[in-house]
Amino acid sequence: MRNPGTMRIPGPPPHTPPVYRLWWYAMRLFVALVCIFLLAPILAIVPISFSSGSFLTYPLPGFSLQWYAEVFEPRPWMFALKNSLIVGSGATVLATTLGTLAALGLAKGNLPGRSAVNAFLISPMIVPLVITAVGVYFFFARIGLNASYPGLILGHTALAVPFVVITVTATLEGFDTNLIRAGQSLGAGPLRVFRRITLPLIAPGVASGAIFAFAISFDEVVVTVFLAGPAQRTLPRQMFDGIRENISPAILAVATLLVLVALALMVTIGLLKRRSDRLRGLHG
Amino acid sequence: MPPLPALRLRVYVMGRAMTVAVVQPGGLAEESRALKRALKRVERRRRLRAIGLIGPLFLFLAVVFALPIVLMLHRAVDNPEVVTHLPRTTEAIQGWEGDGTPGEPAFAALGQDLNEAFYARRLAEPARRLNYEITGFRSMIMATSRKLPRGEAPESWKRTFLDIDPAWSEPRYWQAIKDTAQPYTLHYLLAALDLRMTSDGGVVAAPKEQAIYRGLFGRTLWMAFVITAASLLMGYPLAYLMVNGGKATRGVLLIFVLLPFWTSLLVRTSAWVVLLQQEGLVNQALQWIGAIDDPVQLIYNRFGVYVGMVHILLPFMVMPIYAVMRGVPASHVQAAASLGATPFTAFRRVYLPQTVSGVGAGCLLVFILSVGFYITPALLGSPRDQMVSYFIAYYTNQTLNWGMASALGVILLAAILLLYAVFSRMLGLGRPRLA
């Protein structure tokens with residue numbers, strides 16, 4: 001036990017030979033550079049979104065909220081946000097419902113061909129997005145679902161579902177099935193056991209799955225490029241065109257707001273995971 | 001001693017009440033059979049319930065995901081244009097053996113087909129299909145069909161055609177029609193491998209100016225390899241410090257990995273556009289430290305694509321490695337050290353082998369994801385840095401060559417599934433996880 005009164009300066013363990021000492025510092029320096037690589041680009045765009053000029057370069061000519069004012073105009077950004085929220089919530093509800101049921105089914109075990117079924121359910125993650133997008137585009141063209149909200153929601157649901165299945169399955173893995181047996185032995189029927197025991201225990205996992213599903217839909221471009229018409233233009237679709245044609249600080253203002261969304265999602269997932277581990281009696 | 005009275009108990013098995021005899025030496029066999037039957041019944045019911053729970057999602061994905069992909073793959077061999085829109089010609093050409101100009105019946109059939117398709121405005125499809133066989137065939141067909149006599153059939157269709165364009169006497173055009181007058185074709189799949197079929201059924205290399213696809217697949221795999229290697233180089237030490245660098249370090253590093261992971265792909269791509277442009281921060285910094293005099297081109301080339309894609313995929317490398325490293329007991333390395341191993345040896349012989357499955361999982365994930373990338377190369381690369389996905393989208397949206405788009409899709413999908421099957425078995429990967 002370290003004496004809490006002394007401050008330990010970070011450094012290699014004592015009595016390390018010089019070559020390893022050097023290695024110790026080199027590795028930390030390298031990892032620090034990797035960390036800069038990971039986070040710096042995301043942070044570097046934030047100040048430009050407050051620029052009073054329209055160039056994307058430093059030094060900034062001055063401070064202004066004009067780009068945020070532009071983003072909060074109804075067209076094109078608020079329209080795109082509305083579409084993203086419609087599609088995202090539809091896909092989230094569908095994917096979470098279907099994915100949670102399937103994860104519960106997979107957890108029941110002793111199903112013939114279980115691993116093959118599981119592989120099929122998560123295959124939308126593996127198949128390249130363009131292939132899914134082109135396939136669904138041709139198919140929906142036949143049945144008249146292209147350029148419609150339901151079509152886009154169905155497409156996003158297919159992409160989001162594997163994340164729900166994986167997240168809920170992980171929650172069910174540490175699940176103490178004795179709790180279910182206890183409930184049954186006390187006379188509860190299957191529905192009641194589900195409502196009173198299973199659901200409260202897996203709720204954080206289901207919520208995490210829902211957040212994953214929403215994040216997937218909210219960030220989806222490739223399938224959207226093919227399936228969405230002008231009336232379903234989503235936020236990422238709008239950004240994609242913006243970056244391709246003329247990238248303005250308004251896009252960086254949207255980007256900054258999306259970083260805040262990412263931060264919120266990350267924190268929520270972290271809290272849900274902690275809650276889920278505690279409910280299942282795990283300590284991480 | 002008289003037989004013991006049967007002691008019957010009501011028990012609950014998997015939520016279902018049943019009666020079981022516990023002690024009855026005489027009827028034990030009978031009772032155990034009953035118990036077995038009951039258990040089997042419960043088991044069956046459980047299985048049915050599992051199927052009922054998985055069913056909805058299974059059906060959903062079968063209809064919205066698998067069926068569309070199968071239908072698309074079908075397009076890679078589907079060849080309906082000539083058969084559907086030039087039906088008389090399709091029939092008339094079957095008798096032609098390929099030598100010399102065909103006779104009047106073939107010309108008459110083509111004349112009637114062209115007239116009909118021209119009026120129905122459906123000539124574009126077969127003309128485009130035939131143009132894949134011989135460049136310039138489309139305009140020849142379009143020009144001819146504008147000049148064909150309407151209504152009254154001419155005395156000799158053959159003469160009429162040859163008057164409009166003498167090229168109609170050349171057998172190669174008729175050969176192209178005959179070759180494409182089949183409901184299915186290997187044309188697209190072969191073309192996607194830089195091959196083409198000759199009229200006598202042989203397979204030869206495609207002409208040089210059309211042989212671009214092997215290079216495209218090679219480039220895609222090479223880029224995915226570079227990105228995977230770079231991610232591993234950066235991700236392994238990062239994951240190592242996350243696990244072995246103390247609790248505070250882990251918390252900080254987790255944020256560095258997870259925030260980019262949750263940040264929109266387009267946000268990160270636009271950030272790199274801003275940073276890497278001519279007057280961007282990276283060029284400014286390099287000039288400021290005196291490494292370069294004039295701004296260098298960092299974007300809209302291969303370098304830009306690599307930087308952007310490694311940035312996006314690095315978290316997918318770190319997380320599987322991190323998950324495996326957490327399970328490596330610290331005592332193993334300590335034991336190696338106490339037996340006299342230097343830190344390097346202990347790492348190489350004891351630590352590294354125990355993390356191989358995480359490294360494999362991370363590499364597989366990053367490689368598979370990068371092979372299918374589309375958005376980032378499209379925004380950060382030049383036309384020469386595009387991967388297979390870009391061409392699939394291009395053929396679907398721009399040139400409407402859906403057969404070619406599907407053929408490229410078939411090969412890409414087959415490559416990825418093969419890769420996944422081989423490596424996941426080799427590495428003994430379990431189910432994928434999200435950290």
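Analyst: One definition to begin with: a salt bridge is a side-chain nitrogen of Lys or Arg within 4 Å of a carboxyl oxygen of Asp or Glu. Keep in mind that this is a predicted model.

User: OK. How many salt bridges over all chains?
Analyst: The whole structure has 10 salt bridges over all chains.

User: What about A:Asp241 and A:Arg237, how do their side chains meet?
Analyst: They form a salt bridge, 3.1 Å from N to O. That is within the 4 Å cut-off.

User: And how far apart are A:Asp241 and A:Arg237 in the helix?
Analyst: They are 4 residues apart in helix α10 (residues 235-244) of chain A, so about one helical turn separates them.

User: Are A:Asp241 and A:Arg237 buried or exposed?
Analyst: Both A:Asp241 and A:Arg237 are buried.

User: Which residues are linked with them in a network?
Analyst: A:Arg233 joins in. A salt-bridge network links A:Arg233, A:Arg237 and A:Asp241.

User: Now chain B. What do the side chains of B:Arg88 and B:Glu116 do?
Analyst: They meet in a salt bridge, with 2.8 Å from N to O. B:Arg88 sits in helix α3 (residues 87-93) of chain B and B:Glu116 in helix α4 (residues 104-119) of chain B, so the pair ties together parts that are 28 residues apart in sequence.

User: How accessible are B:Arg88 and B:Glu116?
Analyst: B:Arg88 is partly exposed, at 32% relative accessible area. B:Glu116 is partly exposed too, at 47%.

User: Where do B:Asp163 and B:Arg159 lie?
Analyst: Both are in helix α7 (residues 157-164) of chain B, 4 residues apart, about one turn of the helix. B:Asp163 is exposed, with a relative accessible area of 56%.

User: Switching to the chains. How many salt bridges are there across the interface of chain B and chain A?
Analyst: The count there is 0 salt bridges. Residue pairs in polar contact number 7, both partners at pLDDT 80 or more.

User: Which helix gives the most to the chain B side?
Analyst: Helix α1 (residues 28-75) of chain B, with 24 residues. By class, the side of chain B that touches chain A has 64 nonpolar, 14 polar and 10 charged residues.

User: And what area is buried between chain B and chain A?
Analyst: About 8,500 Å², with carbon and sulfur atoms giving 81% of it. Chain B puts 88 residues into the contact and chain A puts in 90 residues.

User: Let's stay in chain B. What does the domain assignment give?
Analyst: Domain 1 (8-75), domain 2 (80-185) and domain 3 (213-427).

User: How far apart are the centres of domain 1 and domain 3 of chain B?
Analyst: Their C-alpha centres lie 43 Å apart. The contact takes 4 residues from domain 1 of chain B and 6 residues from domain 3 of chain B.

User: What area do those two bury between them?
Analyst: Domain 1 and domain 3 of chain B bury about 430 Å², 76% of it on carbon and sulfur atoms. On the domain 1 side, B:Met72, B:Leu73 and B:Arg75 supply 91% of the area buried against domain 3 of chain B.

User: How many salt bridges between domain 1 and domain 3 of chain B?
Analyst: There are 0 salt bridges. The interface has 1 residue pair in polar contact, both at pLDDT 80 or more. The domain 1 side has 3 nonpolar, no polar and 1 charged residues.

User: Backbone next. Which peptide bond at A:Pro59 is cis?
Analyst: The one joining A:Tyr58 and A:Pro59, with omega about -5°. A:Pro59 lies in the loop between α1 (18-48) and α2 (66-71) of chain A. The bond from A:Arg75 to A:Pro76 is also cis, omega near -5°. A:Pro76 is found in helix α3 (residues 74-107) of chain A.

User: Why bring those up?
Analyst: Because most peptide bonds are trans. Likewise, most residues other than glycine have a negative phi.

User: What is phi at B:Tyr300?
Analyst: It is near 60°, a positive value. B:Tyr300 sits in the loop between α13 (281-288) and α14 (302-326) of chain B. At 42% relative accessibility, B:Tyr300 is partly exposed.

User: And phi of B:Leu400?
Analyst: Near 55°, again positive. B:Leu400 is in the loop between α19 (388-397) and α20 (402-427) of chain B. B:Leu400 is partly exposed, at 36% relative accessibility.

User: Last one. Is A:Ser276 buried or exposed?
Analyst: A:Ser276 is buried, because its relative accessible area is 4% and the cut-off for buried is under 20%. A:Ser276 lies in helix α11 (residues 249-279) of chain A. Leaving aside neighbours within four places in sequence, A:Ser276 is in contact with A:Thr171 and A:Pro204.

Methods
Residues numbered from 1 in each chain as written. Chains lettered and ligands numbered in written order. Predicted model: local features only at pLDDT ≥ 70, side-chain atom pairs only at ≥ 80, totals over all residues. Heavy atoms only, no water. Domains from an automatic or database assignment. Contact = heavy atoms within 4.5 Å. Buried area = accessible area lost by both parts, 1.4 Å probe. Polar contact = N/O pair within 3.5 Å; in protein donor to acceptor, adjacent residues only side chain to side chain. Nonpolar A, V, L, I, M, F, W, Y, C, P; charged D, E, K, R; others polar. Helix = DSSP H or I, 4+ residues; strand = E, 2+ residues; numbered from the N terminus. Buried < 20%, exposed > 50% of the residue type's maximum accessible area, 1.4 Å probe, protein only.
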